[in-house]
Amino acid sequence: MDYSKLANDIRAAMPELDLREREPMAEHCSFRVGGPAAAMALPRSAAELETLCRLLRERGVKPLIIGNGTNILPPDEGLDRFVVASCPGVGQVTVEGNTVTADCGATLAAAAMAAADAGLTGLEFAHGIPGSVGGGVVMNAGAYGGELKDAVAETEYLDEELVLRTAKGEEHEFAYRHSAFSGREVVILRTSFALSSGDRDAIQGKMRELAAKRRASQPLDMPSAGSTFKRPVGGYAAALIDQAGLRGFTIGGAQVSEKHAGFVVNAGGATCADILRLMDHIQKTVFARNGILLEPEVLVLGR
Ligand SMILES: Cc1cc2nc3c(=O)[nH]c(=O)nc-3n(C[C@H](O)[C@H](O)[C@H](O)COP(=O)(O)OP(=O)(O)OC[C@H]3O[C@@H](n4cnc5c(N)ncnc54)[C@H](O)[C@@H]3O)c2cc1C
C-alpha cells in the first residue's frame with residue numbers, strides 16, 4: 001500500500017482533515033510505546049469520521065479506529081495501517097432528559113461530568129476510567145462494581161459494510177470486558193446512556209471518592225494500560241501475580257507495578273517487546289504456580 005499516495009488523495013478530498021504520515025503510536029497510547037503508524041487521521045467530528053471511513057472504503061482500505069489509546073499495545077516496528085484516532089476530536093456530548101449521548105471520541109470522564117452536571121446518576125463509576133466512549137463500549141469498561149452495560153441504551157455504528165446501524169440494549173451482547181463490537185472492524189459513532197435523576201452533590205461526591213480510591217491504589221503517575229490481564233474465574237490477577245513474587249519484577253523498561261501488581265508499567269524507556277516479554281513471564285510463572293493462564297486485557301496490535 002502506497003500510504004503517501006493514499007494520504008494525498010484523502011487530503012485532496014478532505015483538505016481540513018488533520019492527516020499525518022508516519023505518526024508515532026507512542027504519542028497516542030497510554031503505555032507510551034510503539035513505532036509509527038503509516039498514516040493517521042484525527043477527525044474533529046462524527047461527520048468527518050464517517051466521511052473519512054467512506055472515502056477509505058472506496059479505496060479498499062479498512063482503517064484501525066482507536067479511542068484514547070488506553071487499552072492498546074502497539075508494536076515497536078510500527079503499524080502498516082491507516083489509523084483513525086477519534087479521541088478527543090469526535091467528542092460532542094449532549095444531555096436530553098435522563099439521556100446522555102456522547103460521540104465515540106468523548107472521554108468517559110466528559111460523559112460522566114455531563115451527567116453529573118445535569119444531576120444524573122449512573123456513570124459515576126466510569127469517571128476515572130481514562131478511555132473514550134467508543135473504546136469503553138467495545139471493552140465494556142467497568143470499575144468499582146459498575147460496567148458500561150448497566151448504563152448503555154443504544155449505540156450508533158457503521159458495520160463492516162459501512163451500513164449505519166443502531167444496537168439497542170441486549171444487542172450490545174455485553175459480557176466481562178467484551179461486547180458485540182469486540183474484535184470486529186466496525187466504527188462506533190455515538191452511544192446513549194439511560195440514567196436516573198439524582199442529587200448533584202452526592203454524584204460529584206461519589207466521583208471524588210472513587211478518584212481518591214484510584215489514586216491510592218493505582219500507579220497513575222506511570223504509563224500503563226491499566227489492568228494488564230483480565231480477572232480469571234475465581235480469583236484476581238493482581239493477587240495471583242503478587243503471590244507469585246512478581247511485584248516489582250522488571251524486564252528492560254517494563255515493570256510489574258510496585259503499587260498494584262495487576263498493572264505492568266513503563267518504568268522508563270520500555271519497548272513493546274519488553275512489555276510482551278514481561279507479560280509472557282507473568283503468564284508462565286502464574287501458570288506454573290496456580291495452573292491458571294492469565295488472559296491479556298490489553299489489546300496487542302499488529303498480531
Ligand atoms: C491508568 C488506567 C486505568 C484504567 N482503569 C480501567 C478500569 O478501571 N476499568 C476498565 O475497564 N478499564 C480501565 N483501563 C483500560 C482502558 O481505559 C479501557 O479499556 C477503555 O475502555 C479503553 O478506551 P480507549 O478509548 O482508550 O480505547 P483504545 O485503547 O483506544 O481502544 C480499545 C479498543 O477499542 C477499539 N475502538 C476504540 N474506539 C472505537 C470506535 N469508535 N469504533 C470502533 N472501535 C473502537 C479499538 O480499535 C481497540 O480495539 C485503564 C487504563 C489505564 C491506563
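Which residue in β5 does Ala37 stand opposite? Ala37 stands opposite Leu79, and that pair is a handy place to start a walk through this predicted model. In the model, local features need pLDDT of at least 70 and side-chain atom pairs count only at pLDDT 80 or more, while totals for chains, interfaces and linings use all residues. Residue numbers start from 1 along each chain as its sequence is written.

Let us take the whole chain next. The protein chain has 7 helices and 19 strands; these are DSSP runs numbered from the N terminus, with helices being H or I of at least four residues and strands being E of at least two. Its radius of gyration is 19 Å, close to the 19 Å that the globule rule gives for 303 residues, so the chain is as compact as a globular protein of that length. Here the radius is taken over C-alpha atoms, and the rule is 2.2 Å times the number of residues to the power 0.38. Along its principal axes, the C-alpha trace spans about 55 × 50 × 30 Å. Of the 303 residues, 45% count as buried, meaning that 20 or more other C-beta atoms, placed from the backbone, lie within 10 Å of a residue's own. Among contacts with a separation of 6 or more, 63% are between residues 24 or more positions apart; a contact requires C-beta atoms, placed from the backbone, within 7 Å.

Strand β2 (residues 36-41) is mostly covered, with 5 of its 6 residues buried. Strand β1 (residues 19-24) pairs with β2 in the antiparallel sense over 5 bridges, where pairing calls for at least two DSSP bridges between the strands. Arg20 has Met40 as its bridge partner in β2. With strand β5 (residues 79-85), β2 runs parallel, joined by 4 bridges.

Another sheet is open and has 4 strands in the order β15-β18-β17-β16, with antiparallel pairing. Its edge strands are β15 and β16, each of which pairs on one side only. Within this sheet, β17 and β18 are paired over 3 bridges, and Gln255 stands opposite Val265 in β18.

The buried residues of α7 include Cys272, Ile275, Leu276 and Met279, and the buried set packs against β4 (72-73), α6 (237-243), β16 (250-251), β17 (254-256) and β18 (263-266). Just after α7, Gly291 takes a positive phi of about 70°.

Now for the ligand. Of the 34 residues around the ligand, Gly67, Gly131, Gly134, Gly135 and Gly226 come nearest; a residue is near if its C-beta atom, placed from the backbone, lies within 6 Å. Helix α4 (133-139) is one of the elements that each supply at least two residues of this shell, and the largest share, 5 residues, comes from α4. The shell divides into 18 nonpolar, 16 polar and no charged residues.

Finally, look at Ser179, in the loop between β12 (164-168) and β13 (187-194). Ser179 counts as buried because it has 24 C-beta neighbours inside 10 Å. Leaving aside neighbours within four places in sequence, Ser179 is in contact with Val137, Val138, Asn140, His172, Glu173 and Phe174.

Notes: Buried ≥ 20, exposed ≤ 12 C-beta atoms within 10 Å, placed from the backbone. Contact = placed C-beta atoms within 7 Å. Nonpolar A, V, L, I, M, F, W, Y, C, P; charged D, E, K, R; others polar.
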